[in-house]
Amino acid sequence: MFKEIFAFEIRYRLRRPAVYIYFFLVLLFSAFTFAKGNVPMGEKEWINSPVVLAQFSAIMSIFLMVASASIMGMAIYRDLEYGTKEYYLSYPITKPGYFWGRFLGSFIFVAAIGAATMLGAWLGTRLGPAFGWQPKDRYGNKQLIKYLYPYLTLTLPSLLFTSSFFFGLVSAFRNVKVIYSSGTLLFLGYMISSFFLHNSHNQYVIYLSDPFSFNGLRAEVAAWSPDQHNHSLVRMQGLLLRNRILWTAIALTGLAITWFRFSFERFFSGRQQRRTAKPLEHTRTQPPHHPFINLKGSRYNQKSLSNLTRIELLNIVRDSYLWIILSGGLIFMFFIFWMGPGRYGVPDYPRTSFFMGVFMETFPFFLFLIIVFYTGETVHREKHTRYNLINDTLPPPTWVFNTAKLLSLLILATGLALAPTLIGISVQLLKGYPYLNLTQYASSELVAILPKLIATVLFCYAIHISIDNKFAAHGVAITIWSTLFAVTSLNYFDYHLLLYSYTPQFWATDIDGIGHMVRPVLWYQAYWTLAGLLLVLFGSLFYARGTRTALREKTVLARQRWRGRTSAGIITTTLLFLTVGGYIYYNVSYLNEYLTTWEKEERAALTERQLRRFADIPQPKTTHISMQLDIYPDVQQETTRALVTLANKTNSTIDSLLVDGDGLDFEVYSDGTKLPYTCPLYFPRGRFSIFRPGQEASDYRWYKLDSPLRPGDSTRLEVRSSLSHPGFENSLYNSNTLHNFQFTGGNLPGLGYDKGDELGRADVRREHGLPKKDPNELTHDNPNPITFDITVSTSSEETALVPGHLEKEWTAGNRHYYHYTQNAPGVYSPFGILSARYASSTSTVTLPDGRPLEVGIFYQPMNNLNLARFQSVLKDGLEYYSRSFGPYPFPRLTLMETPVYGPFSIAMQGEIGLIENIGGWNADLRGNNTVDYDYYNTAVVLAEQWWGQQLAPNNAKSSPVITKGLAVYSALQLLRQYRGKEALTPFLEDLRRQYGWGHRTDFDGEHDLLHANRPHLWEAKTPLILYNLAEYIGTDSVNAALRDFLQQWKFRSNTPYAGVADLYDCLKKHTPDIELADLKNAWETSMPIAELKLSGSPSKPGTSQPKPTTIQPNSNPQQPKPISSQPKPASTKPNSIPPTIRPHKLTT
Amino acid sequence: MQLTIDRLSKTYPNGVRALHNVSLTLSNGMFGLLGPNGAGKSSLMRTIATLQEPDSGSIRLDDPDADYNLDVLTNKTGVRQLLGYLPQEFGVYPRISARRMLDHVARLKGIERSNERKDLVLALLDKVNLYKDRDRKLGTFSGGMKQRWGIAQALVGNPRLIIVDEPTAGLDPAERNRFYNLLSQLGEQTIVILSTHIVEDVNTLCSQFAIICHGEVLYHGEPENAVKSLEGKIYSKRIPQNEIEKYRAGYPIISTQLKAGQLYIRVKSDEHLANGFSPAAPDLEDVYFTHISTKMDINTI
């Protein structure tokens, strides 16, 4: 009996398309992933390293849940759905035959689909080099065991777990919807627990609690070297093995319980009606006789519409599975909102902009799934129950039925859209956060969330009324939606006019709300709503009531309907759609020029090929700027008139200038006459900009000087420029010129060829035919001090900040004027001018030398909860750094809040800036044992006033060792001095983590500090080594060395500028002879930090500190314990830097 | 009132010819549709009930008194306002009571006043003998009860055109009678189209009927006339079972019947038959088989 049922099941499955579709989707996805190398790995690791293969297997087994749900769910439900139960029971089938035949006959396909992951991965390693997507040497050997082992140990047990789970659920509940809801819950639950696991240090919990073993795997390989990654199989042993055994046992137990509880009678007959209807009294009545009801002219249609809408809506909300899925999602959302973004385990205050941002990032796909599912239920309800044969002969016109369904779904969508606001406000009230920011809620809902969900509903609805089969419609809708999602999130293509429901990206910011992006986003939303309406209109045009209908008949119906109001409606909607689309196109591809990623890269490549030969031609330097800058926040415009003094500091005569306009609209004048220029480079037109001229001039211009500039000569040129933005763009634009907050370098063009604009990634360079880049090539010039005299005007409510001395401040009309000068010693470029509607808090700090210093904090009124903390760290820092390294030389100190569109921090002379979202403005540090990272972050940025603003290092690749490394070191010592050694632990841990990640992913090996070329060496290794040195030779000695270094090199205005070697010299002078060898090891050899035994970085938090020991290579290398399974350094990188920030291009 | 079906044709995408040049004219009263399985009865009824599009042909519904002039194929909403339809197979929402569901139908059929609707719903449920089960969920109904509920919904709102597709399938004899009485009561104001496999029912109920086979109308007229036309032309004979092939070769057998081991055959012949054949009184079944046998093999043994 088993054999027959098993064989029948296999034959049945083989004839259904579903298994093939799943198999090939998984195969294609895996092959593509490995062929393209889209896997998480370090640069030194092979794309198909055993670790990557194992991790890929684990992740895919989570997503294969979909396949196991749909296959295992249908294995026995099929008999209920098709009503075969009526006679199936009459056959002499046995329970074991039926149960195991169906289970195994289906599971074999789940296992086969699972095998497609590794088969695809193997295929990908062949295809990648064959198509030239990845070089051959990115792949390691192709041993079979590398693919087979993870399949057998990771994929298969996980699939057995999910399969038994879904099979058991269906046989217990006799319902297929239970799979949707439990699948969703399992998925959400998994995400929540993964979140927990990220923050857990309990190895047992991390390893054992995860049915897919993904977290355990990550912990297992966290400390592995690239070599291990490439060559060691992730063996199932210890806790990993126990995990596999545990979850296989759970799966088998579940299956056994299902087996013992399973009975034919219960499964096929279902629950008996519990309540027998009470007998009702019987009175004979005659049907009243009504006259014929003429439905024309009455308000019948409207009444039917509201009636039907109500009923459809009731059908949706009475579905208990909706509430199960929803409550899962809502709990998940509440959880995310409640935890908030946290750094160092410290949550943020619950800010509205965070809620809206994370909602729009995380939830739309989940909501899409709910919407597509209930659209299917709603549209196909009558057909599914076969009530349609009655329903479709009832008098209401088709549009009434369709509109009722559509309306009920739109009401559902509106309810879903309101969820983040309701949960957000509850979280804020529960946490006692005072700033609800209702405007932010309202604007995010109306501009982004609601329109997106409306577009989602219209899309799903159109698909479902166009495709008669509910499951086919689900498949089509989900495939299209996932494709859109993948294309946009992997940045394959981003022309939003062609990506249904997508708009330019934007952030909800505290400083400016959605700001100027409201307009473009709303245009796109209107466009997509119209598109959705059109889809629905066309769908209903072809919609047939009654029986299933062939396309031919639908065409007949459509032709019948194509008249009167229908055709007028469709034509009007089409025209509106085209008009709005045309207007967007006009903005995006006519007023502005949209370029694909490839085109942008190609332009950079062209520029490099054509102009790189001018990289080293002599160019003058700016020495003084006299500028009038007018900022108009309302219209996001700025105009500049500047007199720029240029000096020839080279040894040759300069007769022409290579000017990099960087998108500015500008002219150069000499003695009042406009200088003519020529363009050295033209680009071909972008392929989407068909109405723009065939050639676009590049930003570079050649200006011929009236009289050549001899060595040592200087000249003055006038620059008139304006910054304005016609229309809007395909993506975020004007991110430095918001309505509230402008940040500008004065809008002056740059001088000379800019190596910083060259393509950096090796694979991209290869694609565009560029030679490999020398990793140690210098991309910047030496520092260049300039003096200036700047008058800024802005709107009356804004404050303008310039790194110089404020000579005068006045208002005239509704303009606010500031006159700043910078004479001595001058400021190292680049510098920036900043204006915003700030609140401010000013205090006076007495410096160690007795000088009073005005310290101002400029912030958004809503982000004022940590002002006192900032004030205290500024005070402590000024005091400690002045005492340790030399007095603070600038006339004031200003800390400002900057918007999310900018970098994490800004350091300019006398001015430091921290970003609004993760800069600590909203860290909720009210708890007792919280990590005061506000203090630390601010201390780092403040230290750059010494390392960077006073002492500008040379242009060597390693120079951030001075600006970044010394700043972090200084902050560590400040924290230690004022907060005690204990307070350092999380930051030291974090630095080690940052270093470890960088070291692991570094592509060209560890460098010594003298040649440090990567952020993890500058920002993590340097301070860790210095801190350790201080532990050993004493903080005072290290600080004294740094003080010497600073005093020797500060405020230089000519080469040579300080280099890392000079720093090393100073350190050597202050290190006793017997320790010099160890110092040398750390600075001159490329020994990774793991081999330099360091103190002060305990591997186990909470244990007593080990005694400081000398730095020496450890003969018995021991891997440092992973501090956390989190792969990325969490400290100084903002979560998300928008990809489209225009660099603050400044004069050089 | 008059329903005119003119040269209606329909071929399904899988090649099955469901209707072929069907032309019929129906007026008030009951109209029976006879035909074997797959003859096109349901296709025809669904097409009239606006559920399906024909490939060609037209259907009109005219009533000079009430000034209707409906093209059934294009003015579907107009037809639906006059229509009561009971499909051969249909589903119900299992978690809703008979009464609420009927109320919903009544509302959609334009009965807006709730009192009126309530009375109507209860009276109809009473008529189909579901009154005492009115608050039970439809999902708990037996096949016969569901069928009766289907009848009730078809009668909501005084339809002028009633189409019932094998309405008595699954009903016990008492319920069947009750239903036929109900249909008969509907009076002369209404066109009732009824499809059935029980030929006798057509004889007793219908003033007009048609026989359809392979999508074609083979006969169209009044039952009595049809039977009359066969008078004197039907002969029957008892034969041994093993001789059936011999007889089949020699006579146009229209039906056979096996009773207690003996085989009775009926033969239609315009000439007098001897050879043991005895004349028999024709009935409507003879009419049915006579026509069907021209189109298909009706080898009943």
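This note sets out numbered points on the domains, the interface, the sheets and the salt bridges of the structure.

1. Basis of the model. The model is predicted, so that local features need pLDDT of at least 70 and side-chain atom pairs count only at pLDDT 80 or more, while totals for chains, interfaces and linings use all residues. Residues are numbered from 1 along each chain as its sequence is written, chains are lettered from A and ligands numbered from 1 in the order in which they are written, and side-chain values use heavy atoms, with hydrogens and water left out.

2. Domains. Chain A is assigned domain 1 (2-175 + 196-269), domain 2 (301-591), domain 3 (614-826), domain 4 (838-945) and domain 5 (960-1091); such bounds come from an automatic or database domain assignment. Between the C-alpha centres of domain 1 and domain 5 of chain A the distance is 48 Å. Chain B is split into domain 1 (2-222) and domain 2 (232-281), whose C-alpha centres lie 38 Å apart.

3. Extent of the interface. Contact, defined as heavy atoms within 4.5 Å, links 51 residues of chain A with 53 residues of chain B. The buried area between the two chains is about 4700 Å², and carbon and sulfur atoms give 57% of that area. Buried area here is the accessible area (1.4 Å probe) that two parts lose on being put together, summed over both.

4. Four salt bridges are found across the interface of chain A and chain B, where a salt bridge is a side-chain nitrogen of Lys or Arg within 4 Å of a carboxyl oxygen of Asp or Glu. Arg386(A) forms a salt bridge with Glu89(B), with 3.0 Å between the closest N and O atoms.

5. Elements on the chain A side. The elements that give two or more residues to the side of chain A that touches chain B are α14 (300-317), α17 (364-385), α18 (388-391), α19 (398-430) and α23 (551-561). Helices (H or I, at least four residues) and strands (E, at least two) are DSSP runs, numbered from the N terminus. The most is given by α14(A), with seven residues. By class, this side of chain A has 21 nonpolar, 18 polar and twelve charged residues; Ala, Val, Leu, Ile, Met, Phe, Trp, Tyr, Cys and Pro count as nonpolar, Asp, Glu, Lys and Arg as charged, and the others, Gly among them, as polar.

6. Strand pairing in chain A. Strands β3 (residues 621-632) and β4 (residues 637-647) of chain A pair in the antiparallel sense over eleven bridges, pairing being called when DSSP finds at least two bridges between two strands. Gln628(A) stands opposite Arg641(A) of β4(A). Four residues lie between the strands of this hairpin, and Gln636(A) takes a positive phi near 55 degrees there. β4(A) also pairs with β12 (residues 714-723) of chain A, antiparallel and over ten bridges; Glu638(A) has Leu723(A) as its bridge partner in β12(A).

7. The sheet of chain B. An open sheet of four strands runs in the order β12-β13-β11-β14 (chain B), with antiparallel pairing. Its edge strands, β12 (253-259) and β14 (278-279) of chain B, each pair on one side only. Six bridges join β12(B) to β13 (residues 262-268) of chain B, and Ser255(B) has Arg266(B) as its bridge partner in β13(B).

8. Salt bridges overall. Over all chains the count is 54 salt bridges. One of them joins Glu9(A) and Arg13(A), the closest N and O atoms being 3.2 Å apart. Both residues lie in helix α1 (residues 2-14) of chain A, four residues apart, about one turn of the helix.
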